[in-house]
Amino acid sequence: MHLDPAILERTGAIAGGIIVGIVAFYALYKDWATPGVENQVFKLMLLLLGVGAVLAILAGVGALGTFKTA
Amino acid sequence: MVESRVQPVRLGRGFWTVTAVLALLAVAAIVFWYQFPLERYLPAAIVTARQVDTLFRFMAATGSALYIFVCGYLLYFAIAFRVRPSDPPDAIGVQVHDNHRLEFWWTLIPTLFVILLSIISVRIWYEIMLEPENGVVVQAIGHQFNFTFRYPQINGEISDEMHLPINVPVTLNLTSSDVIHSFWVPAMRLKNDTVPGLVTSIRFTPRLSGRYQIICTQFCGVLHSQMNKQVLVIEDRASFNRWYHAMQTKNAHVSNALPAAGGGAVSLAGGSASAGQTLFQQKCSACHAIGPFNQRIVGPGLKGVLHDPAHPNLVNGDPATPENVAKILQTGYTGSIGTMPNATTNGLSNQDIANLVTYLETLK
Amino acid sequence: MSTQAAQLTHGGGIADHIHPEPQGFVRRYVFSIDHKIIGIQYIITAFVFFILSGLLAETIRTQLLNANGGFVSPETYNEVYSVHGSAMVWLVVIPMLTGGFGNLIFPLQIGARDVAFPWLNMLSFWIFPVAGLMLFSSFLMGAPTAGWTEYPPVSLQGAAGTSMWAAAIFLVGVSSTLTGINFLVTLLKMRAPGMTFTRMPLFCWGQFATAPLLMIATTALAAALAALFMERQFGVPFYDPTKGGSPVLWQHMFWFYSHPAVYIMVLPAFGIISEVLPTFSRKPIFGYKLIAFSSAAIALAGFMVWAHHMFTSGLAPYLQLPFMILTFVIGIPTGIKIFSWTATLWGGKIHLTTAMLFAIGFIALFTCGGISGIFLAAVPYDLDVHGTYFVVGHFHYVLVGGSLMGIFAGMYYWFPKMSGRLLNETLGKIHFWLFFVGFNGTFLPMHWLGVEGMPRWVATYDPQFEFWNRFASVSSYIMGIAILVFFVNVLWSIRNGKRCGPNPWGGRTLEWMIPSPPHYYNFKHIPTVYGLPYDFSHPLPYKGLEEELTDSPVAVGAH
Amino acid sequence: MAVASIAHGSSPEHPVDQLYAETRELRLQGFLLFLISDCVLFSSFIFAYLYLRNSGQGWPPPGIKHLDVAFAAWNSVLLFGSGATMHYALENWKHGNFMKYMWMLIFTIVLGAGFLGGQAYEYTHLIFGEHVSWWGSGIFGASFFTLTGMHGFHVFVGVCYLTVLLLQSAAGVYNGQKFFGITAGTLYWHFVDVIWVVLFSIFYLL
């Protein structure tokens, strides 16, 4: 049976997105109390990273993305 | 920290005298600006021009008043408080750091002035923007280096004078065929840029008949300084109509100027290949080579565009016939290989299109 | 960047750390990492470019002597004023005020031994002359012609030099950005103990307000220039409407930089004036906090008004009003500054030295430029005079009458600190009066020329304007003579000027507490600061400066 | 040896002195400011892209067949993942787990390189498959290739920098107290990630 590479990519995106998202938000939760300038920046970055992961998941399930996928 | 240790500030008689003198000067300046006969130097050709003058008088009056006070005090202080030879070398001035009441007032007064100025400007801005829309519609197109004008019922473009009837609202649509120009009539106190690929419009009502210079105020190339030759003629309704009909008959043979994008097919009869060639150099050669299809500048090379067995179809898929080429020239093209603007943006009349197609046919 | 400070890796804290003075001419004066030398390098280089673009300016005025021009061809004329404008803005005023006086003075004033990243500092200096030469070399391949704003699409048609122009300005931008980062870190982290922000001299406040503008706004310009370069060289469509681009996009990106740039060019000058006035009127600056915070306010608001340069550009009408009103609002802090300076003179013991004359002249001329700026901010009036000589008059009042007068004030004020000698006061006063008269004669008539209908960027003009243009041209020659006097003065005084002690003017900021020229390490002991410098009735608010003027060796810092 | 140098960080040959602390402060601030101005650079181009996109000719422009969102999402996940591993690289360094740190760093480099490979594949597909080019495809080609190319270059620089970090840490350049290089690398890598979050959403999802 023929397998569309897009399916693989989407599954990869969803799975990876979930992992990265969990990791990012967990790290954010763990570092929440850390002091210091760079740690504040790190937290912001982790937050945005989590957002990125969520976006990747949404794109993977096809909820987002105006261009029609292949 | 600044210690607000304000010593009692004694302002001597000299200070008050100077203040009085400056006040007089300021009043004089205000009177001057409100009496100054601006329109003798620069007639107010349209209705809103006088509003702009009002704004100018207000800003000039308040501005000069403020300026007189600042500079007057500067001068007076610099002279009155200079070190005298009698002073000991280590003499110091009055050690006053600040005076909150004074600072409060000179923060509040400019703020109030700014509010007042904003109100006045906004009102006048509205009067300029809300000129009536129903009126003569004229299009002015900037070229390097002149303006051309299009009227609804006149074919072709008029390039020397722009006539307008007095006391009739005008909507002037501005665009450009090459680079940014700016359409300015000093007597109108109004200007707007003519931006290629963009149609902006200004609305106004002529109120004073006469001949006024049209000037380009945006640098547009080598001969920018020469781009002030054209004239705006404001005249009474009767002579305007006379001019209008004269133009209609004069341009009757010229094919209609503005093809509605994608509108009726162009008559390709009577195209002149030589005219087309010059036109091609001016308007097309920037993007199209006279070479084989894949010799691209931006668009494909056009050598033998109508006679190329390798490319029986045009880029938009239509068969390569003169009519379809004319259609592309008219409506423009956007596709994977790029974008070509339509005849309006390129400033091509149907006659131009006919000339171009005839020229392209000669390329074998 | 993190490697730039790598040489500070041994010894005590930075404040106590002195890297050994390099020996040999090259390491000392050419590739120096000493902020004082770098500052002087900036000033000299900027003055060289100032002479060049000054000559271009005189070329412009000579061309405009006659209504039909004829001195140079229109093409050349367009190249001349474009390079004149670009060079004056990017190669003269900005480097002089930030890289030059900034480097030279503010580390001394906050009691630091150098800027945060000395090597970065050297790098940003050496980028600058290279970029300058690139800009002027564009004459060889056909210089840009579309003015210093280089609006597309006409700049896309420009000669090959336009791309060179873009590259050069991009480099200057890189240099500015690095300087901004460097200065900001220095001001945030390297102030002497006790030097709180409300005790900083106002020149430092000027730099402190300027640095973020350099750092942020300049990067936006870099993007715009990169896009222009790519479009010109590789045909990547950003601005060309026939390929879907938008010419107005350039205007947004350009002015998003170039309006803050106006404040980059004037805030440090404000700072200089705020140093000169109290020193020579023997009186604290009036309303220190108001002046300091209004600088910050101006810098902040400067980011929100760029589109007031675009009222005629086909901007959506509803966008015009907010930009107009915000621009009016900027007038308030500026007005406050002007009033405070004027009030500083009141009840002083005013020494009318040349520096002081330039400071007072600055206030007079800058106020005029500010008021005509309000005119231009009002949309209805801007729709009339935008793109005319009124605008030319306005920004020359702000940039020449403002920034340049500030630069001259700074030169006369700090030249002793650079060289250990005074500039000649007599020549100085001649310089000032010639310059003041010539300046007003040149730029005042431009206002009514513009109102009556003389557009910018013209090589020939309507004969009705001939009289006032001739008047302006002749006055501009007087200005030229004044500048000549200044350079004669500098060259003469470097050798023969009266030797001066550490503090010829009786200034009270930290740079006057140490020898002139200062030692390589600036301070033997980093002083502790106890208050504002400007209070003449109090003893100096510094401790730990006792040995600065003795021959005792510098005591701290393990090498 | 490197391990040792972490284990007892302030060994005599690595005194943790006041100078280092202050220098680190300066470098940190300078580096953050540099990232800010770099961010402004990206923001300007992003502004340009959104401005052109909304300049009224419709989006996606005619002739642009499709951007492969599925593939892009998958590729982005690689980069985001590398961000997470980089974070844990720094964490492990701080807790002195040298080997874990090295592995995390290596993962980061591999994932980053993978992302670059994916982008290269996407470019070739667009250029040769779809005949979309940087200069010939109107504002789409211009903004897409300029922005993603700029970002790709940043990723490339990051990969090189992290490789250098890897070698340096192997050679024991850093120790338990002096590891600003690693902190800076992490900051930079996070920055590159976050920029991609924005680019991904505005180009593929918007």
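Of the four pairs of chains in contact, which chains share the most contacts? In this predicted model, the answer is chains B and C.

**First stop: the B–C contact.** Select chains B and C together. The contact draws 81 residues from chain C and 74 residues from chain B. To see how chain C builds its side, highlight helix 3 (74-109), helix 5 (154-157), helix 8 (247-281), helix 9 (288-301), helix 10 (317-345), helix 11 (354-377) and helix 12 (379-385), each of which supplies at least two residues to the side that touches chain B. Helix 10 of chain C gives the most, with 14 residues. Colouring this side of chain C by residue type shows 45 nonpolar, 26 polar and 10 charged residues.

**Second stop: the largest nonpolar core.** Next, select C:Ala224, C:Ile273, C:Val276, C:Phe358, C:Ala359, C:Ala378 and C:Ala409, the residues with the most contacts inside the largest nonpolar core, which has 338 residues. Chain B also takes part: domain 1 (13-81 + 99-129) and domain 2 (136-250) of chain B each contribute at least three residues to this core.

Now centre the view on C:Ala409. Leaving aside residues up to four places away in sequence, C:Ala409 touches C:Ile272, C:Ile273, C:Val276, C:Ala355, C:Phe358, C:Ala359 and C:Phe362.

Move to B:Val325, B:Leu348, B:Tyr359 and B:Leu360, which are among the 14 residues of a second, separate core.

**Last stop: chain A.** No contact joins chain A and chain B, and their closest C-alpha atoms lie 16 Å apart. Chain A does not touch chain C either; the nearest C-alpha atoms of these two chains are 14 Å apart.

Technical notes. Residues are numbered from 1 along each chain as its sequence is written. Chains are lettered from A and ligands numbered from 1 in the order in which they are written. This is a predicted model: local features need pLDDT of at least 70, side-chain atom pairs count only at pLDDT 80 or more; totals for chains, interfaces and linings use all residues. A nonpolar core is a set of buried Ala, Val, Leu, Ile, Met, Phe, Trp, Tyr and Cys residues joined through C-beta atoms within 7 Å. A residue is buried if 20 or more other C-beta atoms lie within 10 Å of its own, exposed if 12 or fewer, and partly exposed in between; C-beta atoms are placed from the backbone. Domain bounds come from an automatic or database domain assignment. Two residues are in contact if their C-beta atoms, placed from the backbone, lie within 7 Å. Helices (H or I, at least four residues) and strands (E, at least two) are DSSP runs, numbered from the N terminus. Ala, Val, Leu, Ile, Met, Phe, Trp, Tyr, Cys and Pro count as nonpolar, Asp, Glu, Lys and Arg as charged, and the others, Gly among them, as polar.
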